[in-house]
Amino acid sequence: MTKPTLLLMSGSLREASYNKMLLREAAAAYGDANVIEADLDLPLYDGDVEDRGIPEKVTTLIKQVRGADALVIGAPEYNKGISGVLKNALDWLSRVKPWPTQDKPAVVMSAAGGRSGGETAHFMTLSILTQLQVNVVHGPLILIAAAQNEFDENGALTNDFLKGQVADRMARLRGMIG
Ligand SMILES: Cc1cc2nc3c(=O)[nH]c(=O)nc-3n(C[C@H](O)[C@H](O)[C@H](O)COP(=O)(O)O)c2cc1C
């Protein structure tokens, strides 16, 4: 059997992003898979740019989404909302037909500095994914609050409850696509 491909989509671009750490933890918990980290550092969606031709980096993302067996999405929270980076990527993905995201299995999780773990951004992301007909593996929300205290120096989660939540969700994803 061929290995499934997981596409990690972090709504934070920064190198030391807790959402990136969380997505890597999720990919490791999944087990044997090809793991691709999407580059969401895309041009801002602009209809005039689109009319001139979809930018190369967006085309790459579209191909990666089409080729992935599942998306694993990290949704940081900025000012009680979804990050511009993630929203912009999802907006671009909605501009080609058939939608690359249609019926695509996905898991969503959030790491944030605040005490609510990015819950508002998480729900905003779920709402957009509904519109894009993504097949989200639902469950108790995976929200890493005060994320700066939850990862060790290797970028791994330290809290057993949170680790278990991530592992359970990825096991359910495996059951769906494996
Ligand atoms: C512009 C901005 C707005 C933020 N707003 C929130 C917020 O509304 N809620 C929250 O929990 N954290 C907020 N934070 C803190 C982020 O959750 C924190 O920087 C987190 O580490 C970002 O995710 P990352 O580590 O993946 O980059 C904000 C950070 C920035 C830069």
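Select Glu37 and show its surroundings: leaving aside neighbours within four places in sequence, Glu37 is in contact with Leu8 and Arg24, where contact means heavy atoms within 4.5 Å. The side chain of Glu37 also makes a polar contact with the side chain of Arg24, at 2.8 Å; a polar contact is a pair of N or O atoms within 3.5 Å, and within protein one must be able to donate a hydrogen and the other to accept it, while residues adjacent in sequence count only if both atoms are side-chain atoms. What you have open is a predicted model, in which local features need pLDDT of at least 70 and side-chain atom pairs count only at pLDDT 80 or more, whereas totals for chains, interfaces and linings use all residues. Residues are numbered from 1 along each chain as its sequence is written, and side-chain values use heavy atoms, with hydrogens and water left out.

Glu37 is placed in strand β2, residues 34-37; helices (H or I, at least four residues) and strands (E, at least two) are DSSP runs, numbered from the N terminus. With a relative accessible area of 42%, Glu37 is partly exposed, given that buried means under 20% relative accessible area, exposed over 50%, and partly exposed in between (1.4 Å probe, protein chains only).

Next, select Glu25, which lies in helix α1. Is Glu25 buried or exposed? Glu25 is buried, at a relative accessible area of 13%. Not counting residues up to four places away in sequence, Glu25 touches Gly155, Ala156, Leu157, Lys163 and Val166.

Now turn to the ligand. The ligand is surrounded by 13 residues, of which the closest are Ser12, Arg14, Ser17, Asn79 and Lys80; a residue is near a molecule if one of its heavy atoms lies within 4 Å of it. By class, this shell has four nonpolar, six polar and three charged residues, with Ala, Val, Leu, Ile, Met, Phe, Trp, Tyr, Cys and Pro counted as nonpolar, Asp, Glu, Lys and Arg as charged, and the others, Gly among them, as polar. Both α1 (18-30) and β4 (77-78) supply at least two residues each to the shell around the ligand.

A polar side-chain atom of Ser17 lies 2.6 Å from an oxygen atom of the ligand, a backbone N or O atom of Asn79 lies 2.7 Å from a nitrogen atom of the ligand, and a polar backbone atom of Gly113 is 2.8 Å from an oxygen atom of the ligand. The protein covers 69% of the 610 Å² of accessible area that the ligand has on its own, with areas from the Shrake-Rupley method and a 1.4 Å probe; for residues, only the protein chains shown count as cover.

Stay on Asn79, in the loop between β4 and β5. Asn79 is exposed, with a relative accessible area of 80%, and its phi is near 50°, a positive value in a residue other than glycine. Gln133, in the loop between α5 and β7 (135-136), likewise has a positive phi, near 60°, and counts as partly exposed at 37% relative accessibility. For a further backbone feature, select Pro98 in the loop between α4 and β6, where the peptide bond from Lys97 to Pro98 is cis, with omega near -10°. Most residues other than glycine have a negative phi, and most peptide bonds are trans.

Within α4, select the buried residues Leu86, Asn88, Ala89, Leu90, Trp92 and Leu93. The buried residues of α4 pack against β1, α2 (47-52), α3, β3, β5 (81-82) and α5. Leu90, leaving aside neighbours within four places in sequence, is in contact with Ile82, Ile128, Leu129 and Leu132.
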